[in-house]
Amino acid sequence: MKKTFIRTKNVKQFVSLMDELQKVPPNIPKMTLVYGEHGLGKSQTIQWWADKNDSVYVRASQGMTSRWLLSEIVEELGEEAYWHLHDNFEIIENILREHSKVIIVDEIDYLIDKNIIETLRDLHDKTACPVVLVGMGAADKKLARYPHLMDRIYKKLKFEKFNSDDIKEILTELTDLKFKDDAIEYLATRTNQFRQLVKLINRIEKLMKTNQIEELDEYTMKGLLNARPDINANIKAMQTIG
Ligand SMILES: Nc1ncnc2c1ncn2[C@@H]1O[C@H](COP(=O)(O)OP(=O)(O)O)[C@@H](O)[C@H]1O
Ligand SMILES: [Mg+2]
């Protein structure tokens with residue numbers, strides 16, 4: 001499998017949203033929500049973008065408090081965090097007012113239930129920096145509990161599941177294996193998520209090598225994916241005898 005970052009439809013939409021967000025006039029709220037089911041490439045996309053752009057990237061986690069969140073942001077900005085929340089807020093505010101950056105927070109679901117998300121709204125209001133909230137499929141519904149935060153959402157972007165065209169593009173970029181169209185259609189019925197697809201390609205690559213298959217059609221793929229390894233071995237043994 002090739003290690004490439006693929007510009008899927010979701011990635012392209014994210015990039016144009018970020019371009020747009022950075023051009024929004026100062027007096028317009030600049031919070032954005034990126035959401036969608038797990039395994040669609042949200043985290044990978046924001047990390048890839050954050051690496052290449054002037055931004056602060058933090059990932060929320062279980063049990064995170066406002067103080068913890070702000071400490072992480074301070075450290076991301078290259079400063080040493082203080083104990084008090086207020087001090088950390090001030091450091092962040094000073095740095096970001098001087099030099100605006102896009103603040104990206106992944107896994108915001110951990111911050112919604114405990115109102116910590118409000119800290120990000122505060123940060124947005126005080127620094128006028130764009131804030132990108134990234135969460136799971138139901139994040140937009142969960143955020144609806146915070147009307148004054150929703151008021152500040154400039155746009156929402158939902159990461160969509162892949163269709164067979166997307167899968168075709170991903171396969172071309174991720175692997176040198178050859179797939180017939182019916183095999184791709186079949187694969188699309190088995191998965192519409194990146195993570196599953198990556199795992200499946202890995203498995204198929206190994207199986208094709210073992211079974212010396214050059215090009216996969218639907219029938220062979222079904223056999224490869226559904227047959228247990230011992231059954232495969234039996235088939236081979238029978239073929240050799242036959
Ligand atoms: N654009 C991409 N190009 C290549 N691989 C990707 C891409 N997006 C996701 N992946 C693969 O899919 C996996 C799951 O993606 P991830 O970003 O963790 O999904 P999410 O955050 O939506 O749950 C990643 O570990 C990576 O292997
Ligand atoms: Mg993720």
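Which helices each supply at least two residues of the shell around ligand 1? In this predicted model, they are α2 (42-52) and α11 (194-210).

## Ligand shell

The shell around ligand 1 holds 15 residues. Those that come nearest are G41, K42, S43, Q44 and F194. Helix α2 gives the largest share, with 4 residues. By class, 7 residues of the shell are polar, 6 are nonpolar and 2 are charged.

Two domains take part. Domain 1 (9-158) gives residues to the shell, and domain 2 (164-241) does too, so ligand 1 lies between them.

Strand β1 covers residues 31-35 and is mostly covered itself: 5 of its 5 residues are buried. Its residues point two ways. M31, L33 and Y35 point one way, while T32 and V34 point the other. All are buried.

β1 pairs with strand β4 (residues 131-135) in the parallel sense, over 5 bridges. Within this pairing, M31 stands opposite V131 of β4. Strand β5 (residues 153-158) also runs parallel to β1, and 5 bridges join the two. Here Y35 stands opposite K158 of β5.

## Nonpolar core

The largest nonpolar core counts 51 residues. The members that touch the most others are I103, I104, V105, I108, V132 and L133. Both domains contribute: domain 1 (9-158) and domain 2 (164-241) each provide at least three residues of this core. In soluble globular proteins, nonpolar side chains tend to be buried together.

I103 shows what such packing looks like in residue terms. Neighbours within four places in sequence aside, I103 is in contact with V56, L123, C129, V131 and V132. V132 is itself among the core members that touch the most others.

## E173 in helix α9

E173 sits in helix α9, which spans residues 164-174. Is E173 buried or partly exposed? E173 is partly exposed, because 13 other C-beta atoms lie within 10 Å; a buried residue would need 20 or more.

Which residues does E173 touch, not counting those up to four places away in sequence? They are K2, T4 and I6.

Terms used. Residues are numbered from 1 along each chain as its sequence is written. Chains are lettered from A and ligands numbered from 1 in the order in which they are written. This is a predicted model: local features need pLDDT of at least 70, side-chain atom pairs count only at pLDDT 80 or more; totals for chains, interfaces and linings use all residues. A residue is near a molecule or strand if its C-beta atom, placed from the backbone, lies within 6 Å of it. Ala, Val, Leu, Ile, Met, Phe, Trp, Tyr, Cys and Pro count as nonpolar, Asp, Glu, Lys and Arg as charged, and the others, Gly among them, as polar. Domain bounds come from an automatic or database domain assignment. A residue is buried if 20 or more other C-beta atoms lie within 10 Å of its own, exposed if 12 or fewer, and partly exposed in between; C-beta atoms are placed from the backbone. Two strands pair if DSSP finds at least two bridges between them. A nonpolar core is a set of buried Ala, Val, Leu, Ile, Met, Phe, Trp, Tyr and Cys residues joined through C-beta atoms within 7 Å. Two residues are in contact if their C-beta atoms, placed from the backbone, lie within 7 Å.
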